[in-house]
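Below are my notes on the model, as numbered points. Please read them beside the structure.

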Amino acid sequence: MAQSENPSRERILERIRAGLRTGIPNSTVIGSRGEIFEPISNPLQRFQQECIANLMECVLTADCDASARQFSKVLELVPDGEVFVQDDPSLRRLIELAAPLRLIRWSSQGAPSEASQATVTLAEALIAQTGSILVTASCGGRGASVVAPCHIVYATVAQLVPDLANALRSIAQQGTLGRNSFACVISGSSRTADIEKILVQGAHGPRRLVVILQTTN
Amino acid sequence: MSATPAQRFLQDAAVKSADLVHREIIRRGMESYDAAHLKGRARIKDWEAAREKCQEIKREAINHLDQYLLQFEEKVIARGGHVFWAADGDEACAYVKNLAMRLGVRTVVKSKSMVTEEIHLGSILEKVGIKVWETDFGEYIVQLRDEAPYHIVTPAMHLNRGQIAELFREKVDPGIVSDDPSDLMAAARRKLRQAFFSAEMGISGANFLVADAGVVAISTNEGNGRLCTSVPRVHVVVTGIEKVIPRLEDLAVLWPVLATSGTGQGITTYSTLIGGPRRAAEVDGPEEFHVVLVDNGRSQLLADAEQREVLHCIRCGACLNICPVFRHVGGHTYGTTYPGPIGSVLTPHLAGIKEFKHLSYASSLCGACTSVCPVKIDLHHHLLQNRRNATEAGATKSSERMMFRAWRSAMLHPRIYALGGWSMRKALRIMYGMGLGGTFLDPMREWNRHRAPVPLPSESFRAGWRRDLGAK
């Protein structure tokens with residue numbers, strides 16, 4: 001943005017610098033800090049536990065055929081109508097096996113429509129510590145994980161990372177945010193507790209979040 | 001003459017404290033929060049270590065604020081985003097308003113942002129004919145009631161389901177019969193879906209601005225923040241300059257700590273990172289991305305070495321939830337954008353110590369706020385410092401200054417002090433004997449109005465002290 005369009009920028013920066021020149025406030029030296037989070041010895045088990053706590057569904061499968069069968073079962077509960085799918089060879093194969101007759105809108109055809117009944121995407125990573133999936137704009141776009149009442153994620157155990165620190169370090173090192181304008185750590189279905197602190201699932205986003213987790217690649 | 005903020009606070013506090021329905025709603029809400037918060041804390045192995053880490057991250061960020069903001073700005077611009085620095089609320093609102101008008105925006109969807117409340121952005125846009133939809137469920141409810149948010153995390157926590165159902169029947173759908181929260185949410189979802197898919201601009205706040213990655217981090221549970229930042233063709237982030245943090249990895253601690261302190265969750269459902277407009281190969285997302293960095297008094301606070309750490313606040317709301325004053329008088333009584341202990345500390349800096357010095361006294365100084373703050377802000381001592389600052393700035397009433405001068409003089413002259421004490425005991429005994437306790441003649445009337453008069457001692461404290469020491 002041109003300087004003329006941002007007249008206060010320098011003034012604010014000067015004020016900040018002047019403020020900081022007044023000296024560092026009481027900065028007590030922090031002593032030996034303990035481990036903040038419990039180390040995760042079994043990421044898969046932890047991920048499954050956290051999925052339950054997050055009110056997500058996690059279905060463990062042995063191979064692609066088993067994934068297709070589970071996927072088909074999940075889709076049985078999805079009402080008729082368009083299903084939005086990230087255009088990826090692995091998901092094309094899954095759809096071919098599990099739902100060849102379903103009305104599909106591929107991400108290569110554009111963003112999911114408002115009326116999508118479900119969305120199907122891959123994930124960049126799964127995070128055991130919080131039972132989360134990490135998606136980016138590459139996983140079918142921004143709307144793919146939030147527009148429909150049901151979001152189905154197809155992932156493999158090899159994508160599991162133990163904790164948030166690992167996941168964030170990994171996306172920083174791989175330049176993921178340089179290639180994507182968006183990333184999101186999703187930890188459950190959309191929810192609210194704004195009335196009397198009572199939990200309601202499916203606020204503005206999906207009511208169901210299903211992870212089909214395959215143990216082999 | 002209209003009432004001052006201090007007079008309004010006292011009037012509203014008296015009304016709210018006596019409102020038993022309100023107290024019951026808040027009691028239940030806070031009980032539920034307390035249980036979730038404790039459970040959430042138990043998920044973190046060393047909560048104190050987590051607080052120290054967060055304090056350290058925020059301290060580093062604030063003590064190098066200029067460097068980290070410039071780093072953030074550079075990255076956002078490199079990805080095709082725009083960064084606007086606003087000295088105050090007027091500049092920030094003018095920028096967003098002009099942008100909206102230039103792009104022909106008629107409808108805006110907003111996700112929850114306390115900074116936009118602080119600068120009154122919604123009403124500024126509405127004045128030029130732009131329809132603004134608050135899309136967070138709680139914010140939507142208070143918008144329908146034309147009210148300010150009651151709480152910085154749960155804006156409608158002062159209402160029960162019956163009150164909300166009645167409001168929805170009147171303003172959303174007359175056909176609503178149930179007061180079940182899921183039915184009410186479904187009604188709001190139906191209504192707001194139309195707004196999401198017709199709005200040309202989405203406005204959000206930011207929980208953090210990540211300097212090394214040049215992204216904004218937004219935490220939401222409902223998914224409304226996701227839709228606001230995905231569907232409209234323009235996304236505007238309006239946030240305070242103090243939200244910057246140095247590194248992406250810092251979120252590995254800040255996200256869980258924010259969620260635990262805010263709602264008791266291990267992590268917020270959608271922890272989103274956005275670094276710019278949609279890229280050429282991306283399926284969707286806004287074509288324009290703007291970040292408005294709002295100063296509005298924050299840089300002045302940097303110069304206050306004693307209270308600079310107030311800028312560390314991550315707006316989790318934990319200090320509100322635990323505060324015995326907030327629990328009794330409620331959020332609206334404060335009459336400020338930020339209620340509760342953090343609001344009482346911050347507001348005099350942002351809106352003037354003379355007008356808002358009374359908030360420093362809306363505290364029992366019990367220190368509960370300090371004990372729960374996830375970034376270890378010494379809140380109750382800052383309230384004391386604000387009391388001192390108000391006195392030094394001459395913001396106190398002349399009657400109060402005279403009273404303290406008289407008290408000081410008495411303290412320096414023990415005989416006068418003893419005489420004063422004796423006279424007061426005698427006078428009060430006669431007054432209470434005549435049944436005048438709690439009336440306008442009673443100097444202890446604020447206490448005695450709703451209580452039996454405090455029993456008067458037969459002798460002075462000094463006399464009792466001498467006698468007891470003598471006995472030993």
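1. Start with helix α8 of chain B. Its buried residues are Phe137(B), Gly138(B), Glu139(B), Tyr140(B), Ile141(B), Val142(B) and Gln143(B). That makes seven of the eight residues in 137–144. Buried means 20 or more other C-beta atoms, placed from the backbone, within 10 Å of the residue's own. Helices are DSSP runs of H or I of at least four residues, strands are E runs of at least two, and both are numbered from the N terminus.

2. This is a predicted model: local features need pLDDT of at least 70, side-chain atom pairs count only at pLDDT 80 or more, and totals for chains, interfaces and linings use all residues. Residues are numbered from 1 along each chain as its sequence is written, with chains lettered from A and ligands numbered from 1 in the order in which they are written.

3. What do the buried residues of α8(B) pack against? In chain A, the partner is β10 (191–192). In chain B, the partners are β3 (131–134), α9 (161–171) and α10. Just after α8(B), Asp146(B) has a positive phi of about 55°.

4. The contact between the chains draws 64 residues from chain A and 81 residues from chain B. Contact means C-beta atoms, placed from the backbone, within 7 Å. Helix α10 (residues 181–198) gives the largest share of chain B's side, eight residues.

5. Strands also join the chains. β9 of chain A (residues 182–186) pairs antiparallel with β9 of chain B (residues 270–274) over five bridges. Pairing requires at least two DSSP bridges. Phe182(A) has Ile274(B) as its bridge partner.

6. Chain A has six helices and 12 strands. Its C-alpha trace spans about 70 × 50 × 45 Å along the principal axes.

How values were computed
Contact = placed C-beta atoms within 7 Å. Buried ≥ 20, exposed ≤ 12 C-beta atoms within 10 Å, placed from the backbone.
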